[in-house]
Amino acid sequence: MERQINTAITLGGPMSLATYMQLCLTHPKSGYYIKADPLGRAGDFITAPEVSQMFGEMIGIWLALTIAELGAGEFELVELGPGRGTLIRDALKALKRTPAGAQIALTLLEASPALASIQKSALEGQQARWIREIDDICLKGAPLLIIANEFFDALPLKQYQMADGAWHERVVGLRDNRRAFGLDPNPVPQESLPEAVQGAGEGEIFEHNQLAIDLMDGLSHRIAERGGALLAIDYGYAKTRTGDTFQAVEGHAPADPLAHPGRADLTAHVDFQSLAEAAGRAGAKAHPLLSQAEFLAQMGIGARAQALAAANPERAAGIKQDLERLVGAEQMGHLFKVLCVSDQGLAPYPFVPSPGREANT
Ligand code: SAH
């Protein structure tokens, strides 16, 4: 991978950060996600569903409530980037205790054959269809329910930096035979960047994820057309702004993103405003963002933690710790946010509070 990237730069010149990130993560032979299982305690990072079963269960309850809101019938449930399949397994377990569970067709979007095979084992006995491209989710059909946890942060993005009063794309080049960041000498037109970053000062960095926006556009068109809702949970910011959030993690520790291509997880924080705007343009409705802590509390995670602890007293301390990790302000509770996009007619709980619903959850 290193050789391939260096050769590409030598022959073709410095590459866009998006190209670099895409090669590192999903190169068909040596991409980070393609090669192995990066998740969990032995891997590079732990995601919410790997922390506790309660996370997937709360998603399952959300699905059941949304299905109740949509009315009876068939549904297509899609998960984007299911990792080890833990979230969907726990969510389906919770969902199957409700009448909605029986009418669901499951589709999983996964780029990594290694992870797809782990997902197959996690979902043993469950009918499912694996797809590689978002276009394989058809425009017509039953209402859609889409779940994405820590998916949008893994999509390749571009960075622009303000230098001498103009925006320039940040690129990956070679300096003394080592990979280094540089700037494309040709400035990009100021007006092609959003209003929110127009006053940026020298050196400021703006991140733009066109792939994430295009994906949200395609999914939102389908939701507007077929009915349904999408839940995107990720670390990120509510309003478009400047700031460098591109990061690498290797073995649970921050790493130099240019040092080991294909061996570190590369991500950036999600610009939720850009995704909400894309959903709106596509004819769907983006609901006000909730923090992960607010969302999980509204779904009843506190009561679930108590019930689990009462049933498993020997695990009570661990369950409390896991809960804190998911909702604690200094942990995942505030940094992680939940965006819900739905068809115009839907009022999905808890994004649209419904009086009387609280008593049922
Ligand atoms: N949702 C899981 C895993 C998050 S890691 C969890 O919460 O534990 C990101 C997931 O997205 C992995 O399954 C990875 O293989 C997948 N992925 C990353 N980029 C992708 C792409 N471009 N297309 C499809 N899947 C992708």
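Here are a few worked exercises on the structure above.

Before you start: this is a predicted model, where local features need pLDDT of at least 70 and side-chain atom pairs count only at pLDDT 80 or more, while totals for chains, interfaces and linings use all residues. Residues are numbered from 1 along each chain as its sequence is written, and side-chain values use heavy atoms, with hydrogens and water left out.

**Exercise 1. Work out which strands pair with β7, and in what sense.**

Step 1: Strands (E, at least two residues) and helices (H or I, at least four) are DSSP runs, numbered from the N terminus. Two strands pair if DSSP finds at least two bridges between them.

Step 2: Look at strand β1 (residues 15-16). It pairs with β7 in the antiparallel sense over 2 bridges, and Met15 has Val172 of β7 as its bridge partner.

Step 3: Move on to strand β6 (residues 158-163). This one is also antiparallel to β7, over 4 bridges, with Ala163 partnered by Ala166. The hairpin of β6 and β7 has 2 residues between the strands, and Asp164 there takes a positive phi near 50°.

Step 4: Finish with strand β8 (residues 178-188). β7 and β8 run antiparallel over 8 bridges, and Trp167 sits opposite Val188 of β8.

Step 5: Ask how enclosed the strand is. Buried means under 20% relative accessible area, exposed over 50%, and partly exposed in between (1.4 Å probe, protein chains only). Strand β7 (residues 166-175) is largely enclosed by the rest of the structure, because 8 of its 10 residues are buried.

**Exercise 2. Describe the surroundings of Glu169.**

Step 1: Glu169 belongs to strand β7 and is buried, at a relative accessible area of 12%.

Step 2: List what Glu169 touches (contact means heavy atoms within 4.5 Å). Not counting residues up to four places away in sequence, the list is Ser16, Leu17, Lys158, Gln159, Tyr160, Gly182, Leu183 and Asp184.

Step 3: Pick out the polar contact. That term means a pair of N or O atoms within 3.5 Å; within protein, one must be able to donate a hydrogen and the other to accept it, and residues adjacent in sequence count only if both atoms are side-chain atoms. The side chains of Glu169 and Ser16 make one at 2.7 Å.

**Exercise 3. Find out how Thr66 is set into the fold.**

Step 1: Thr66 lies in helix α5 (residues 53-70) and is buried, with 1% relative accessibility.

Step 2: Check its side chain, which reaches the backbone oxygen of Trp62 at 2.7 Å.

Step 3: Look further along the chain. Neighbours within four places aside, Thr66 contacts Leu145, Ala229 and Leu346.

**Exercise 4. Which is buried and which is exposed, Glu150 or Asn177?**

Step 1: Both have a positive phi without being glycine: Glu150 near 50°, and Asn177 about 70°.

Step 2: Glu150 sits in the loop between β5 (144-149) and β6, while Asn177 is in the loop between β7 and β8.

Step 3: Glu150 is buried at 13% relative accessibility, whereas Asn177 is exposed at 69%.

**Exercise 5. Count the disulfides.**

Step 1: A disulfide is a covalent bond between the sulfur atoms of two cysteines. The cut-off here is a pair of cysteine sulfur atoms within 2.5 Å.

Step 2: Apply that rule and you get 0 disulfides.

Step 3: Cys24 is buried at 1% relative accessibility, and Cys340 is buried at 0%.

**Exercise 6. Say which residues lie nearest the centre of the second largest pocket.**

Step 1: Define it. On a 1 Å grid over the protein atoms alone, a pocket is an open set of points with protein on both sides within 12 Å along at least five of seven lines, and lining residues have an atom within 4 Å of a point.

Step 2: Of the 28 lining residues, Phe206, His208, Ile213, Asp271 and Ser274 lie nearest the centre.

Step 3: Name the biggest contributor. α9 gives the most to this lining, with 5 residues.

Note on methods. Contact means heavy atoms within 4.5 Å. On a 1 Å grid over the protein atoms alone, a cavity is a set of points where a 1.4 Å probe fits but cannot get out, and a pocket is an open set with protein on both sides within 12 Å along at least five of seven lines; lining residues have an atom within 4 Å of a point.
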